[in-house]
Amino acid sequence: MATLRRLRETPQHFLSCVMSSFHDPRPRHRHFVETHYYNYKVSFLIPECALLPKELKSLVTELGPYYLVKNLPLHEFITPEFINTFVKKGKLILSLDKDTYEETGLEGHPSKYSGRKSMRFIVSVDLMELSFNLNSKKYKRTSWSFKEKKPLKFNFLFAWHNTGAAESSLMSYFSNYHIQEHQPRVSGSSLGELPCPVLQSDYIAGLPGVLCGAPELFEWLGAVCSNVDQNNEPHNFISTYCCPQPNTALAKAYLCSITGFLLPEKICLLLERLRHYFDEPKLAPWLTLSVHSFADSPVAWREKEHGFHKGGEHIYNFVIFNNQDYWLQLAVGANDDCFL
Amino acid sequence: MEFEESWSQRIMRIDPSDYHYMKVCLEFEEHGIGLNAAQFKQLLVSALQELFGEVGAALPFDVLTYEEKTLKAILRVCNSGFVKLWSSLTMLGSYKGNKCAFRVIQVSPFLLALSGNSRELVLD
């Protein structure tokens, strides 16, 4: 009976919402964005706006490129040349099942989400530490593992924040492998009249009967991005979904989405431009910026392990108000740290 | 869970959503079979009835979006009925004598998650 009950349960999930201001002397929003490394999709919604604002047009088309390299052996990541050219400082983090972990012969630790019987292990290789001493036991063992003991090959996505070296370095560096350059896919749509929740920046939890809170806004945003009809009656057979109350009517809105492998530095830039959208008076009281992580990345934020139960979701969303206050929301599924 | 230093306001909800959302696709063995939104919903109700009886058929759920061309839909169901609905979709094998199957593409307690699924990224 206990097993049956457990099978019927839905996995735990978390939604954390915080409020702050861009005028805060500590730029926590920037640090937050910069430490989310694996970003798959960015979308922003601007109420009372029909077209992509010109100050955002150039940035939206310059969020790439990213690269796909096929059948790349892991040992390429621990060569001093690769580390000195592209990595500077960083770690190679592997999330391995039990058999693969034992076959590599490397030192790791059990996944914090694997329960009593560990079936998944995490190996973390400090690339800077390795490159400083190529004669160390650690380097020799890692090299032996990747080249001889268990030579692993994968298809990799690369995105590189170039701080000055030659532009085509990634293409030329991996020219011996099958490498393709890709540009992020951009799509924009002008939305007609739609209901939207009434918000006020001071009231993140809402006010019953007067204002909606951050959780209601988060669900409504999902409905807008999935093009869900929000004008249903309670007796409707097909769907009873409707916009959270209290709500108001928007005459129009602009929704833009960019998908690919997107750098946190570029997302930071986009966040700053969106924040400055309100430098001139606008009809919109607020706008939103949402970022979806890759569902299956080994880490989602800093080096925190990203497990997944069913969905692998790890989403953050900024609600930027015209008075420079913002709400920051983080939604994670089971087996993830919620740390706001 | 760990928290950063103090923000002006914070709310933290564990299991905030009363619902789970499912992105599904209905596939037929033969081409050319179409259903409108009402027929699609009725198909799901009868799938629930077949597996769980009249009580199961009364489980409230919404078809938030439906594309007649691709037979793709987003469903919303309360958490207590999530497993019942998913298992009904799994066991459904035919519609009006035509063999079919449901593919569950994505599930999440957050509707926003269904608009961005990195597992659908195709680069070749």
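I'll start with packing. The buried residues of helix H7 of chain A pack against helix H4 (80-87), strand S4 (91-97), helix H5 (98-104), strand S6 (120-126) and helix H6 (127-132), which also belong to chain A. Keep in mind that this is a predicted model.

Which residues of H7(A) are buried? They are Tyr139(A), Thr142(A), Ser143(A), Ser145(A) and Phe146(A). Looking down the axis of H7(A), these buried residues fall within an arc of 155°, so they line one face of the helix. As background, an α-helix has 3.6 residues a turn, so residues three or four places apart point the same way. On the face turned away from the buried side, H7(A) carries the exposed residues Lys137(A), Lys140(A) and Glu148(A).

Now the length of this helix. H7(A) covers residues 137-149, and a straight helix of 13 residues would span 18 Å. Between its end C-alpha atoms, H7(A) spans only 15 Å.

Next, the interface. Here 52 residues of chain B are in contact with 66 residues of chain A. The two chains bury about 5,100 Å² between them, with 60% of that on carbon and sulfur atoms.

How many salt bridges cross the interface of chain B and chain A? The rule finds 1. Arg119(B) forms a salt bridge with Asp296(A), and the closest N and O atoms are 2.8 Å apart. For polar contact, the count between chain B and chain A is 9 residue pairs. On the side of chain B that touches chain A, strand S1(B) gives the most, with 6 residues.

That is where I'll stop.

Methods: Residues numbered from 1 in each chain as written. Chains lettered and ligands numbered in written order. Predicted model: local features only at pLDDT ≥ 70, side-chain atom pairs only at ≥ 80, totals over all residues. Heavy atoms only, no water. Helix = DSSP H or I, 4+ residues; strand = E, 2+ residues; numbered from the N terminus. Expected span 1.5 Å × (residues − 1). Buried < 20%, exposed > 50% of the residue type's maximum accessible area, 1.4 Å probe, protein only. Arc of directions from axis to C-beta. Contact = heavy atoms within 4.5 Å. Buried area = accessible area lost by both parts, 1.4 Å probe. Salt bridge = Lys/Arg side-chain N within 4 Å of Asp/Glu carboxyl O. Polar contact = N/O pair within 3.5 Å; in protein donor to acceptor, adjacent residues only side chain to side chain.
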